[in-house]
Amino acid sequence: MARILLVDDEPSILSVLSALLKAEGYEVVPALGGDKAKGVLASEEFDLMISDIRMSPVNGMELLKIAHDDRPTMSVIMLTAYGSVETAIEALKLGAFDYVTKPFKVDELLITVQRALEYNKALSENADLKAQLGTKYHLENIVAESAVMQNVCDMIKRVAPTDTTILIYGESGTGKELVAKAIHTQSRRKEKKFLAVNCAALPEPLLESEMFGHTKGAFTGATVNKEGLFEAASGGTIFLDEIGAMPMSIQGKLLRVLQEKEVRRVGSNENIAIDARVLAATNTRLEQLMQEGKFREDLYYRLSVIPIEIKPLRERIEDILPLVYHVLRKESPPGTTPPTLDTEVCAILESYTWPGNVRELENAIKHAITFAKDNKITKDVLPPKIAATPAKSASTSPLSDLDASKCKSLKAFIRAKEKEYLQQVLSHTGGDKEEAAKALKISLATLYRKLPEAQE
Ligand SMILES: Nc1ncnc2c1ncn2[C@@H]1O[C@H](COP(=O)(O)OP(=O)(O)OP(=O)(O)O)[C@@H](O)[C@H]1O
Ligand SMILES: [Mg+2]
């Protein structure tokens with residue numbers, strides 16, 4: 001039975017909530033006020049803490065910090081007064097699982113509690129698994145060698161179980177849609193639809209009817225009633241791509257939909273309840289659009305509850321070669337050996353600035369595979385623009401960079417080189433891990449530990 005620590009300085013809320021949670025079969029320990037809770041937290045273990053934020057002398061944020069530092073396996077849900085969303089966001093940044101606004105709807109609270117506990121369970125199972133394999137957390141299909149991409153993966157994992165709106169920012173081709181899909185597939189909505197709409201691709205009236213639906217006769221050409229994507233994605237996720245391009249009039253309507261959780265089809269007076277999680281992406285900074293008067297401030301705050309930023313590839317060079325090997329493996333027919341890269345090619349690929357990011361890298365490698373001779377990718381089969389890039393020698397030799405502050409630690413360098421070699425061997429064996437392990441004279445478990453992505 002899950003144990004819940006319940007903290008509020010209002011006795012009435014404490015007793016109502018306590019009764020409600022007990023009726024659901026949870027073991028509840030109520031604490032009247034933050035200082036009481038602090039004492040209980042120091043001596044007892046809980047699966048979940050539900051805490052009010054505004055209390056004195058010890059407030060919910062302080063409890064959250066204690067929980068974060070001393071009780072890493074306990075989830076925390078914060079209760080906030082309507083209108084203090086900024087504090088709630090601060091709480092999410094400090095590691096709270098989610099927040100519920102007071103006055104709360106019972107169903108909403110119970111679902112959040114259930115999800116927090118499921119998340120908690122998944123985390124401890126994952127910790128066991130990690131301990132067994134000794135590997136870093138790795139999300140399927142997302143190559144994340146760099147610390148910044150590993151952060152993105154951690155964020156995906158943390159936000160997936162919640163229903164919070166996420167705003168994904170990244171230059172073109174950095175993997176925004178991939179991240180959005182990963183959030184969907186890691187969420188409880190994974191069996192339901194993931195529907196994407198590109199806000200830049202449709203003219204205003206079409207975009208509106210695409211998103212919200214329309215009734216027969218609403219406009220010329222509307223010959224039948226049609227449901228919009230918000231309705232169609234019910235139970236699942238709707239991905240609003242290039243949201244920066246959304247016309248102002250539709251932004252207002254979207255804001256209402258997000259607040260009311262209801263849509264009104266174009267031409268109708270009837271509200272239809274919807275349950276679609278909203279993920280949005282943009283390659284233009286919305287802050288800038290807001291300043292130019294092209295994006296509503298209220299919508300911006302509503303959407304960007306949790307922002308995820310994907311850095312351009314040139315700022316995460318460690319990801320380049322792993323992505324190249326990933327594409328080589330993906331593009332090689334099963335049973336064949338993926339082509340190999342020579343050192344010069346590796347250096348060029350790491351030196352090029354990749355303005356089109358991962359999408360450009362994928363295209364470049366597909367191009368190179370087509371022209372590769374003897375199953376080898378050499379400089380002359382790279383797209384000419386890329387082949388013309390002078391290779392920075394620093395990427396192949398740490399000694400050429402004599403700036404000591406920029407040197408990698410020896411351990412980090414050896415690890416990176418080891419990884420590169422493992423990936424090459426794996427690429428030689430056509431992705432056959434057992435064969436690769438045999439060739440390397442290491443066990444399969446060691447291969448997995450050293451190269452978590454091999455487990456895909
Ligand atoms: N970290 C990654 N690991 C593996 N594949 C990736 C990664 N990042 C991006 N990709 C691949 O690169 C391609 C482009 O990604 P995606 O379409 O998600 O980018 P995007 O940011 O939505 O691009 P755009 O701005 O052009 O819409 C896809 O084929 C995707 O699978
Ligand atoms: Mg995209």
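These entries record what I looked up on salt bridges and on one helix pair in a predicted model.

**Entry 1: salt bridges overall.** I searched the whole structure and found 26 salt bridges.

**Entry 2: Arg189 and Asp275.** I found a salt bridge between Arg189 and Asp275, with the closest N and O atoms 2.7 Å apart. Arg189 sits in the loop between helix H7 and strand E7, and Asp275 in the loop between strands E12 and E13, so the pair ties together parts 86 residues apart in sequence. I noted that Arg189 is buried, at 3% relative accessible area, whereas Asp275 is partly exposed at 36%. Both residues belong to a network of salt bridges that also links Arg115, Asp163 and Arg188.

**Entry 3: Lys253 and Glu208.** I looked up this side-chain pair next and read an N to O distance of 2.8 Å for its salt bridge. Lys253 is in helix H10 and Glu208 in helix H8, so the contact ties together parts 45 residues apart in sequence. Lys253 is partly exposed, at 31% relative accessibility; Glu208 is buried, at 14%.

**Entry 4: Glu292 and Lys294.** I recorded a salt bridge here at 3.1 Å, N to O. Glu292 is partly exposed at 41% relative accessible area, and Lys294 is partly exposed at 47%.

**Entry 5: helices H13 and H14.** I turned to H13 (residues 320-331) and H14 (residues 343-351), which pack at about 115° with their axes 9 Å apart. Their crossing is right-handed. On the H13 side I listed Ile320, Leu321, Val324 and Tyr325, which meet Cys346, Leu349 and Glu350 of H14. I counted 6 nonpolar residues, no polar ones and 1 charged in this contact.

Key
Residues numbered from 1 in each chain as written. Chains lettered and ligands numbered in written order. Predicted model: local features only at pLDDT ≥ 70, side-chain atom pairs only at ≥ 80, totals over all residues. Heavy atoms only, no water. Axes fitted to C-alpha atoms, helices over the stretch in contact; angles between N-to-C directions. Helix = DSSP H or I, 4+ residues; strand = E, 2+ residues; numbered from the N terminus. Left-handed = near helix turned anticlockwise from the far one by under 90°. Contact = heavy atoms within 4.5 Å. Nonpolar A, V, L, I, M, F, W, Y, C, P; charged D, E, K, R; others polar. Salt bridge = Lys/Arg side-chain N within 4 Å of Asp/Glu carboxyl O. Buried < 20%, exposed > 50% of the residue type's maximum accessible area, 1.4 Å probe, protein only.
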